[in-house]
Amino acid sequence: MDFNMKKLASDAGIFFTRAVQFTEEKFGQAEKTELDAHFENLLTRADSTKNWTEKILRQTEVLLQPNPSARVEEFLYEKLDRKVPSRVTNGELLAQYMAEAASELGPTTPYGKTLIKVAEAEKRLGGAERDFIHTASINFLTPLRNFLEGDWKTISKERRLLQNRRLDLDACKARLKKAKAAEAKATAEQELRVAQTEFDRQAEVTRLLLEGISSTHVNHLRCLHEFIESQTTYYAQCYRHMLDLQKQLGRFPGTFVGTTEPASPPLSSTSPTTTAATMPVVPSVAGLAPPAEAALCLEEVAPPASGTRKARVLYDYEAADSSELALLADELITVYSLPGMDPDWLIGERGNKKGKVPVTYLELLS
């Protein structure tokens with residue numbers, strides 16, 4: 001009990017001495033031991049690393065999970081050391097709604113068939129997003145979080161200890177200056193030597209930890225490369241899925257064909273007075289036509305005596321080869337079909353030019 005009381009009294013005395021020294025320094029009434037410029041630079045770099053790592057970590061979490069409620073839920077699961085439950089991505093949920101809509105509205109109608117195709121693509125996009133989130137969390141977020149919760153806490157602890165050692169050292173220097181008697185001076189000099197030794201030892205420990213920030217940067221750089229690689233893979237997968245969907249919709253009988261109600265063109269960066277709209281080019285779908293059509297020589301083709309129709313072009317279309325006819329949005333062309341042709345394609349004529357045109361880009365008129 002006596003030992004505990006003595007230790008408690010000693011700790012209280014040390015705390016009081018440090019508080020007095022700190023207060024006097026703030027008011028400019030006591031001298032303060034300054035760290036060398038190299039050490040100060042190490043401290044500044046460590047603080048910047050910590051601050052920017054926190055910001056990058058938080059914003060990456062927002063990128064991967066925009067829903068703040070979901071982020072809080074995941075945080076609580078991690079703190080409770082429990083597995084985060086699997087969550088449906090927005091793309092997968094959209095795919096589910098589209099599939100259900102197609103089932104109810106009619107899966108054999110043009111709209112229903114298209115909904116099913118788009119739902120399949122959205123489901124693949126959602127799966128790619130899920131894989132990206134998982135990979136990015138492991139390869140990027142986890143190392144950043146480990147630094148903040150591990151290395152940085154150690155650095156902060158040693159820095160606080162160094163601050164206490166520095167206050168003890170400066171308090172000893174102040175006592176030595178105030179000592180008058182020889183015995184008091186001797187005692188103060190002995191305490192100063194001990195305080196200086198402890199300060200130097202703690203400064204070296206802290207310096208080594210601060211220099212380790214360079215290794216942290218190397219590790220974070222490697223993690224950043226892995227994050228970019230996973231992000232590149234994710235967007236490449238999304239691009240391939242959308243190209244596949246575009247090809248499928250190009251081969252699929254369009255809901256626009258045969259309608260008399262004008263369809264709204266997609267948004268364009270052109271001025272309001274310009275009605276031309278553009279769509280991504282469907283990659284060479286004509287190559288999928290039956291052999292009989294592929295062998296067709298367009299120069300020798302004559303329009304049938306009856307069965308030709310006028311059609312309004314809905315979107316710009318760039319011809320994939322010489323057998324196709326390039327189209328401009330809102331222009332009128334003459335179209336007709338020939339025996340053996342792919343039902344997704346028609347022959348289009350504009351003046352003395354003719355070529356195959358995709359039906360999904362047309363609105364047939366009377």
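Colleague: Which hand does the crossing of helix 2 and helix 5 have?

Modeller: In this predicted model, helix 2 and helix 5 cross in a left-handed way.

Colleague: What kinds of residues make up that contact of helix 2 with helix 5?

Modeller: The contact divides into 16 nonpolar, four polar and six charged residues.

Colleague: And at roughly what angle do the axes of helix 2 and helix 5 cross?

Modeller: Roughly 150°. Helix 2 covers residues 37-64, and its axis comes within 10 Å of the axis of helix 5.

Colleague: Moving on to helix 4. How do the axes of helix 4 and helix 5 cross?

Modeller: Helix 4 is residues 90-105 and helix 5 is residues 110-178. Their axes come within 7 Å and cross at roughly 165°, so helix 4 runs roughly antiparallel to helix 5. Helix 4 passes helix 5 in a left-handed crossing.

Colleague: Which residues of helix 4 and helix 5 meet?

Modeller: On the helix 4 side they include G91, L94, A95, M98 and L105. On the helix 5 side they include Y111, L115, I116, E122 and R130. By class, this contact of helix 4 with helix 5 has twelve nonpolar, four polar and five charged residues.

Colleague: What about helix 5 and helix 6, how do their axes cross?

Modeller: Helix 6 is residues 182-211. The axes of helix 5 and helix 6 come within 8 Å and cross at roughly 160°, which means helix 5 is roughly antiparallel to helix 6. The contact of helix 5 with helix 6 has 14 nonpolar, four polar and eleven charged residues. Helix 5 passes helix 6 in a left-handed crossing.

Colleague: Which residues does the "coiled-coil region" annotation cover?

Modeller: An unreviewed UniProt entry puts that annotation on residues 169-198. In the model, that span is 90% helix and 0% strand, and its end C-alpha atoms lie 9 Å apart.

Colleague: New topic. Where is L314 found?

Modeller: L314 is in the loop between strand 1, residues 309-313, and strand 2, residues 332-336.

Colleague: Does L314 count as buried or exposed?

Modeller: Buried, because its relative accessibility is 5% and buried means under 20%.

Colleague: And what separation do the C-alpha atoms of L314 and L327 have?

Modeller: They are separated by 9.0 Å. L314 and L327 are 13 residues apart along the chain.

Methods:
Residues numbered from 1 in each chain as written. Predicted model: local features only at pLDDT ≥ 70, side-chain atom pairs only at ≥ 80, totals over all residues. Heavy atoms only, no water. Axes fitted to C-alpha atoms, helices over the stretch in contact; angles between N-to-C directions. Helix = DSSP H or I, 4+ residues; strand = E, 2+ residues; numbered from the N terminus. Parallel < 35°, antiparallel > 145°, perpendicular 65-115°, else oblique. Left-handed = near helix turned anticlockwise from the far one by under 90°. Contact = heavy atoms within 4.5 Å. Nonpolar A, V, L, I, M, F, W, Y, C, P; charged D, E, K, R; others polar. UniProt positions renumbered as here; feature names shortened; annotations may be inferred. Buried < 20%, exposed > 50% of the residue type's maximum accessible area, 1.4 Å probe, protein only.
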